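Here are my notes on the model you sent.

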Amino acid sequence: MTMSHSLFSKIAALAAAVIVIAGCSGKNDSTIRTKVPTRPAGQEDVIGLTAAPIDTIHIGFVGLGDRGSSAVRRYRYVPWTKITAICDAVPEKVEKWAGYLEEKGFPRPDGYTGLEGYKELCERDDIDLVYICTDWAHHTPIALYAMEHGKHVAIEVPAATSIKECWDLVNTAERTRLHCMMLENCCYDFFELSTLQMARQGVFGEILHAEGAYIHNLSDFWDGYWENWRMDFNYRHRGDLYPTHGLGPVAQALNIHRGDRFKTLVAMDTRSDNGKVLFNKKKAEGKYFQGEEADEFRNGDLTCTLIRTENGKSILIEHDVLTPRPYNRMYQLVGTKGYAAKYPVEQLALTKEQLNAIGIDYPLKNEHAPLPKDLVDSLRRKYPTPILDEELERKAKEVGGHGGMDYTMDYRLAYCLHYGLPLDMDVYDLAEWCCLAELGTISMENGCAPVEIPDFTRGAWKKTDGFKYAFSDGTMR
Ligand SMILES: NC(=O)c1ccc[n+]([C@@H]2O[C@H](COP(=O)([O-])OP(=O)(O)OC[C@H]3O[C@@H](n4cnc5c(N)ncnc54)[C@H](O)[C@@H]3O)[C@@H](O)[C@H]2O)c1
């Protein structure tokens with residue numbers, strides 16, 4: 001499979017195109033500037049985009065590996081939806097999952113196979129949503145083709161692997177007025193949902209700093225990816241290749257492009273130790289290596305990115321899939337009056353003054369320890385997320401998918417499409433969360449210099465005041 005390599009060459013060439021200048025733009029300012037392409041004439045932003053309500057959402061799934069097949073299993077339970085077609089490069093997978101649905105009492109979906117089978121699926125006129133779960137290199141080409149053929153798209157993470165792909169998705173969504181959402185399921189985990197609600201209610205004061213990560217030792221998983229796409233990508237690319245699980249939930253809490261925006265980043269990685277050893281071992285076994293040889297294994301064992309926002313907030317994002325650290329998405333919100341953290345144990349902290357201000361009478365002994373569990377529980381009851389009622393929470397836990405967050409995400413996507421509402425996450429979220437990979441590489445390859453993060457909304461980042469969800473009664477809450 002040579003596609004990852006050609007993609008890398010493309011990205012390297014495009015990196016040169018997105019940088020305007022690596023040099024001074026003011027006194028002591030060595031920020032590398034990035035180009036924001038002019039919005040094509042007649043095209044408008046898609047902030048708050050709505051589309052016609054869809055009674056039954058006909059879905060075509062593309063990519064039926066580990067993630068795509070779990071989605072197919074979950075969608076048996078998602079209301080207002082029908083699995084109309086499925087597609088995978090490997091014919092046996094299409095046969096397996098079509099048979100599975102039939103066996104479970106659902107109509108047999110139409111099947112498409114081969115690397116370009118998705119085209120026929122997208123060309124049908126009876127599909128509303130194309131749900132993409134392929135390897136990373138295929139996400140954007142499939143999404144663009146689907147939108148060009150009038151379909152909404154939902155794309156697994158990361159939806160785009162380069163700045164060029166981010167802009168292609170933004171421009172196509174703006175021109176076609178179709179939804180283009182990245183399936184960032186970590187925005188729907190229960191702790192993130194309840195602390196996002198607390199953040200929106202001002203419980204933590206002003207959030208000044210946040211942290212997020214993808215720390216996941218993938219040693220049990222490398223062998224399972226189709227044609228070794230993931231190791232191949234790590235072999236050929238430097239930078240945080242999987243930033244969105246860490247970044248998505250904290251970006252929502254910081255109201256990114258809803259009053260604030262990412263402005264600058266700097267990135268730094270470690271040398272590659274474990275990555276090189278693993279890659280060379282597997283290569284000697286005849287695994288993990290396809291296509292043209294690169295100069296060296298490029299991904300550092302650990303990559304850190306620091307972002308500063310227009311409103312003077314900071315965010316730390318980490319990527320580590322090669323060391324034995326236990327699973328950790330970090331998820332920290334650091335406010336002027338409070339704090340939330342999820343790993344390794346869920347914690348909240350508040351000042352005594354803030355506890356009083358939110359109407360809680362509790363004899364807090366000191367302010368430098370986490371709140372006791374009973375208080376955390378009562379705060380979580382006091383600030384429930386508006387998108388989960390008891391029934392949906394029960395169903396999400398029963399159907400599952402990372403403990404229920406996947407089902408909650410699927411449900412919200414279907415709910416908003418069914419009622420013709422703006423989706424929880426738009427194409428600008430997608431671009432802002434995915435652009436970290438290539439921008440981080442540019443930073444590191446220029447001595448960890450600051451790099452400007454493009455404003456993908458092209459000036460519309462203040463149009464909405466704070467992160468909100470849409471509801472069928474017409475409210476945004
Ligand atoms: N959100 C999450 O929690 C989460 C978890 C796991 C994976 N993912 C993401 O899901 C995606 C898939 O990961 P995976 O673990 O299922 O990988 P996988 O290797 O198991 O599956 C990829 C599938 O895509 C198919 N495919 C590749 N190119 C195709 C094409 N052009 N047309 C049709 N099918 C094609 C392959 O045959 C394979 O079945 C990745 O983007 C990954 O990052 C997300």
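**Notes on the model**

1. The average pLDDT of the protein is 93, and 94% of the residues score at least 70. Please keep in mind that this is a predicted model.

2. The ligand is surrounded by 25 residues, of which G63, G65, R67, E156 and W226 are the closest. Two or more residues of this shell come from each of α2 (66-74), β4 (81-88) and α5 (136-148). Helix α2 supplies the largest share, three residues.

3. What is the make-up of the shell around the ligand by nonpolar, polar and charged residues? There are 13 nonpolar residues, six polar and six charged.

4. Two packed helices are described by the angle between their axes and the distance between the axes. For helix α9 (residues 244-253) and helix α15 (residues 427-434), the packing angle is about 130° and the axes lie 9 Å apart.

5. The crossing of α9 and α15 is right-handed. On the α9 side, T244, L247, G248 and A251 make the contact; on the α15 side, D429, E432, W433 and C434 do. Classed by type, the contact of α9 with α15 comprises four nonpolar, two polar and two charged residues.

Definitions and conventions: Residues numbered from 1 in each chain as written. Predicted model: local features only at pLDDT ≥ 70, side-chain atom pairs only at ≥ 80, totals over all residues. Axes fitted to C-alpha atoms, helices over the stretch in contact; angles between N-to-C directions. Helix = DSSP H or I, 4+ residues; strand = E, 2+ residues; numbered from the N terminus. Left-handed = near helix turned anticlockwise from the far one by under 90°. Contact = placed C-beta atoms within 7 Å. Nonpolar A, V, L, I, M, F, W, Y, C, P; charged D, E, K, R; others polar. Near = placed C-beta within 6 Å. pLDDT = per-residue confidence, 0-100.
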